[in-house]
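Please keep the sequence and the structure in view while reading.

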Amino acid sequence: MSEWLSPLVEMGVLTPGLVELLGIGGPVVAILLVFSMVAVTLIIGKSLQLFLATWQSKTKVSDSLSLWRDGQVRDAHSLLMTCQQPVPALVASAMASVMRHGDSPLVREELARQASRHLASLKSYLKPLEVIATLSPLLGLLGTVMGMILAFQQMEAAGNQVDPSVLSGGIWQALLTTAAGLIVAIPVVMLHSYLERKTDRLVDEMEDALTAVFTGPLVGNTSGAVNVSEPAANPLNASDERRGHAA
């Protein structure tokens, strides 16, 4: 294993100590190393995505909804019209739809479709992180079991000349994979929970902002006349109900 890892050592990707660890741990530790690299990449990507999605978006949406409640509907829409972040973009789309068509089932269906698209993007790549967090300790345990089997085979082959150092050496090498699996799994579980909670908060903000749009002064036609109709169901809930009927 050390030979084919030599280029990575020369490139500075791996240290000699890590290569030695891979030699002792075998393919299980190599797989865990790949898992850790994938997890780090996904965590950095998701963190950057959520940071860009939330950067000052709450302030923009709050200012826009204040104008919306005051009846300055066109100014409220203009404030968010150029935003590409999920919540401001969805709120701007909701305001534009309500101003153009009022509160109608078609408007809610269209907003539910847009909300589902944003939610799919926000929750993307969280599942692979969850899979890595679940599989890593199991792989480590598998490596330990395989190592223990190998150690006992060596003891059996030694017959009456059993050297206790053979067993102890096999055990610590076998336990090394369990430790490696836990080292990968524990931070991934913590960061996955953090990213999932951050995504859920963003979804809550999206739901709250859409509710505020539909319970504010509703514009019933393109002339900008303001009227108040019965509060609309939240498009996110409408999406859930639609998926429930489909199931």
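In this report, two residues are in contact when heavy atoms of theirs lie within 4.5 Å. Leaving aside neighbours within four places in sequence, Thr178 is in contact by this criterion with Gly140, Leu141 and Thr144.

## Model and confidence

The structure is a predicted model. The protein chain has a mean pLDDT of 81, and 81% of its residues reach 70 or more.

## Overall architecture

The protein chain contains 10 helices and 2 strands. Read from the N terminus, the order of these elements is α-α-α-α-α-α-α-α-α-β-β-α.

The chain has 247 residues, of which 38% count as buried. Among contacts with a separation of 6 or more, 73% join residues 24 or more positions apart.

## Helix H3

Helix H3 covers residues 27-54, and its 28 residues should span 40 Å at 1.5 Å a residue. The C-alpha atoms at its ends are 40 Å apart, which agrees with that expectation.

The buried residues of H3 include Val28, Val29, Ala30, Leu32, Leu33 and Phe35. Further buried positions of this helix are Ala39, Leu42, Ile43, Lys46, Leu50 and Ala53. Just after H3, Gln56 takes a positive phi of about 60°.

## Helices H6 and H7

Helix H6 (residues 86-101) packs with helix H7 (residues 105-122) at an angle of about 170°, and the two axes are 10 Å apart. Angles over 145 degrees count as roughly antiparallel, and H6 and H7 are therefore roughly antiparallel to each other. On the H6 side, the contact is made by Pro86, Leu90, Ser93, Ala94, Ser97 and His101; on the H7 side, by Val107, Leu111, Gln114, Ala115, His118 and Leu122. The residues of this contact divide into 7 nonpolar, 5 polar and no charged.

The buried residues of H7 are Val107, Leu111, Ala112, Gln114, Ala115, His118, Leu119 and Leu122.

Leu79 is placed in helix H5 (residues 73-80). A residue counts as buried under 20% relative accessible area and as exposed over 50%, with partly exposed in between; Leu79, with a relative accessible area of 40%, is therefore partly exposed. Not counting residues up to four places away in sequence, Leu79 touches Lys60, Asp63, Ser64 and Leu67. The C-alpha atoms of Leu79 and Ala92 are separated by 8.3 Å, and these residues are 13 residues apart along the chain.

Thr178 lies in helix H9 (residues 164-215). The relative accessible area of Thr178 is 22%, so Thr178 is also partly exposed. Thr178 and Leu142 are 36 residues apart in sequence, yet 8.1 Å apart in space from C-alpha to C-alpha.

Terms used:
Residues are numbered from 1 along each chain as its sequence is written. This is a predicted model: local features need pLDDT of at least 70, side-chain atom pairs count only at pLDDT 80 or more; totals for chains, interfaces and linings use all residues. Side-chain values use heavy atoms; hydrogens and water are left out. Axes are lines fitted to C-alpha atoms, for helices over the stretch in contact, and angles run from 0 to 180 degrees between N-to-C directions. Helices (H or I, at least four residues) and strands (E, at least two) are DSSP runs, numbered from the N terminus. Angles under 35 degrees count as roughly parallel, over 145 as roughly antiparallel, 65 to 115 as roughly perpendicular and the rest as oblique. Ala, Val, Leu, Ile, Met, Phe, Trp, Tyr, Cys and Pro count as nonpolar, Asp, Glu, Lys and Arg as charged, and the others, Gly among them, as polar. The expected span of a helix is 1.5 Å times one less than its number of residues. Buried means under 20% relative accessible area, exposed over 50%, partly exposed in between (1.4 Å probe, protein chains only). pLDDT is the predictor's confidence in each residue, from 0 to 100.
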